[in-house]
Amino acid sequence: MRVYQTSARFYRRIRIYDTMRENCAEDSWEKQSHPFTQKEYGKWELYLSPKVDKSPAIKHLTKLKLVVLTKTGEYLFRISPWAKYVTKTLDAITYDWTHWDPPQPYQFQHPRPPRPSSLRIYEAHVGISSPEEKIASYRNFTRDVLPRIKDLGYNCVQLMAIMEHAYYASFGYQVTNFFAASSRFGTPDDLKHLVDTAHSMGITVLLDMVHSHASSNTEDGLNYFDGTDSCFFHGGSRGNHSLWGSRLFNYSSWEVVRFLLSNLRWWMEEYHFDGFRFDAVTSMLYHHHGIGTSFSGNYSEYFGIHVDEDALVYLMLANHILHKLYPQCITVAEDVSGMPGLCRSIEEGGLGFDYRLTMAVPDKWIQVLKEVRDEDWDLKNIVQTLTNRRRGEASITYAESHDQALVGDKSLAFWLMDKEMYTNMSALTAMTPVIDRGIQLHKLIRLLTHSLGGEGYLNFMGNEFGHPEWLDFPRKGNNESYHYARRQFNLVDIEHLRYRQLYAFDRDMNLTEDKYGWLAAGQAAVTTLNQADKVIVFERSNLLFIFNFHPCNSYIDYRVAVEHAGKYKIKLNSDELQYGGHGRLVQDTEFFTEPMPFNGRAQSFLIYIPCRTALILANEDIDFRH
């Protein structure tokens, strides 16, 4: 067995310890029993011969330690940066490096699904994926959540908090062990089974990749790995994030870049992930990390000495390698700044990402719900926010993500219905005005975002059915409670609760997109934006979208413009009873165009639009097969 560690700067030794002896003091390890040999180019090597019976030199689940001898003669007990499995007992403070080499490794059974042309992402966290007040497992997620994702019509799941993180409440964004799948959810093979099962369902799997910073932990993290603050990170204040309390990688170091690039390949090849959502790209791109900075779109904000060119080049290199080695790989950038060229090819001078997240959209919806009366909504400003994206750079849009669900904020459903969600969500009683408003606007906001906002769509788990309350991980401030660190999928399974109605609408919204493919089409053409009527009408992918946001005005014989003549029929109607609507439209009504020019289109027709209703219509004379 050959073990490598890479760095030209330290002398490292490893000690194998019997797995039956837990919680050993550091002085009980024989520090110099297995010394590494220094090789060229910063490599250190340790070769362990197989045992006499040909079994591996290191037994599966053996506890290991890496010992670093510093220049000052100090011995540091560390976990290998390349450790692929780390565990912690209940009474322990730090994690242990546990050798993962099962006698019968997991064998993948299913190939990766084709890359979706329309990306519908279900953002998920394994640990909170159960209604029970506990940390859920990979196997729980595979058994209980993947079938729901498939049923809802999402073709991609984005997994958060997979890379090992010692602090559960960090939401996975304070990574300690970059090559290790979090053991609090199960074993590496359990995660592989999850990915394999998702692939069998035709679901693409993205990993939330955190290469923007690392945990400041020392004994079970990368911080002060060799006794200095500049091994993997910038030394001094430059290597510390002032808001997050974490360490910042030195992207000018070849060893660091190799470490991070090999980390990307590891997750692609070992676990068969299909791509990555790169977290906190804004923090990487600028020396100021976006702290105290407002981005107006002026090009001077994107080009200058404040740009971290080493980080920028690393992101270009990462995208280049990923797309060359894995042509179907998907990369998504979380960038709030709007960096030009982020999603253009390397050959064009771009950074090579496939998609960027439109982070202004959820902020806009929260701002509108918090500050503006329904009758005063500025639809022009909302449409501008949804369509304000760089041409030729694909965007993933969302009405809310995990950020809006965290404690201190509220989900859209909770902003809309608040405490009445506890008492008035039964379909056995008449809707109160608050619940009626909340259910109708919840559907309209999500459909408008889905259809007008970008080339991909994202939803955070549970929000599709209006999950009540907020998300809060166990911590000292809440007495280590798991009450809010869960997703109450059981609410959807209770037939008389209105959560089922929101779930059904979200499902049929995705299935309608799957059939007609508006996310893969060009940007929508808005033909009506009537501020007084609170009506938005636009065409996309040869579909007609109609939204009436007015709180009380319904419109009889409202004229709408269309590009193509023919017979139009309703394909999705938010006012259907099954979606918690009022059933004010006859679903199979046929609408025939007339050659009356209107709002820049040669054809138009009249239609009844109830208040707080959204409609999707398709021309029956057009072949939509794709």
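I will speak about the annotated active site, the barrel beside it, and then two further regions.

This is a predicted model, in which local features need pLDDT of at least 70 and side-chain atom pairs count only at pLDDT 80 or more, while totals for chains, interfaces and linings use all residues. Residues are numbered from 1 along each chain as its sequence is written, and side-chain values use heavy atoms, with hydrogens and water left out.

Let me start with the record. In an unreviewed entry, UniProt lists Asp279 and Glu334 under "active site"; such positions follow the numbering used here, feature names are shortened, and annotations may be inferred rather than shown by experiment.

Where does Asp279 lie? Its place is the loop between strand S15 (275-278) and helix H4 (281-285). Helices (H or I, at least four residues) and strands (E, at least two) are DSSP runs, numbered from the N terminus. Glu334 sits in the loop between strand S16 (330-333) and strand S17 (355-357).

Are these residues buried or exposed? Asp279 is buried, with a relative accessible area of 8%, and Glu334 counts as buried at 11%. Buried here means under 20% relative accessible area, with a 1.4 Å probe and protein chains only.

Turning to their surroundings, a contact means heavy atoms within 4.5 Å. Leaving out residues up to four places away in sequence, Asp279 touches Glu334 itself, and its other contacts include Tyr173, Asp208 and His213. With that same exclusion, Glu334 touches residues including Arg277, Phe278, Leu357 and Asp403. The side chains of Glu334 and Arg277 are also joined by a polar contact of 3.2 Å. A polar contact is a pair of N or O atoms within 3.5 Å; within protein, one must be able to donate a hydrogen and the other to accept it, and residues adjacent in sequence count only if both atoms are side-chain atoms.

Now to the barrel. Eight strands close it in the order S10-S11-S14-S15-S16-S17-S18-S19, with parallel pairing; two strands pair if DSSP finds at least two bridges between them. Strand S14 (residues 204-209) runs parallel to S15, and four bridges join them. Within this pairing, Asp208 has Arg277 in S15 as its bridge partner.

A second sheet is open and has six strands in the order S20-S21-S22-S27-S24-S25, with antiparallel pairing. Its edge strands are S20 (525-530) and S25, each pairing on one side only. Strands S21 (residues 535-540) and S22 (residues 543-548) pair in the antiparallel sense over six bridges, and Phe538 stands opposite Phe545 in S22.

Asp575 belongs to the loop between strand S24 (567-573) and strand S25 (590-592). This residue counts as buried, at 0% relative accessibility, and its side chain reaches the backbone nitrogen of Arg584 at 2.8 Å.

Finally, Thr432 lies in the loop between helix H9 (412-417) and helix H10 (433-452). Its side chain makes a polar contact of 2.6 Å with that of Glu420. The C-alpha atoms of Thr432 and Phe276 are separated by 43 Å, and these residues are 156 apart along the chain.

Conventions: Buried means under 20% relative accessible area, exposed over 50%, partly exposed in between (1.4 Å probe, protein chains only).
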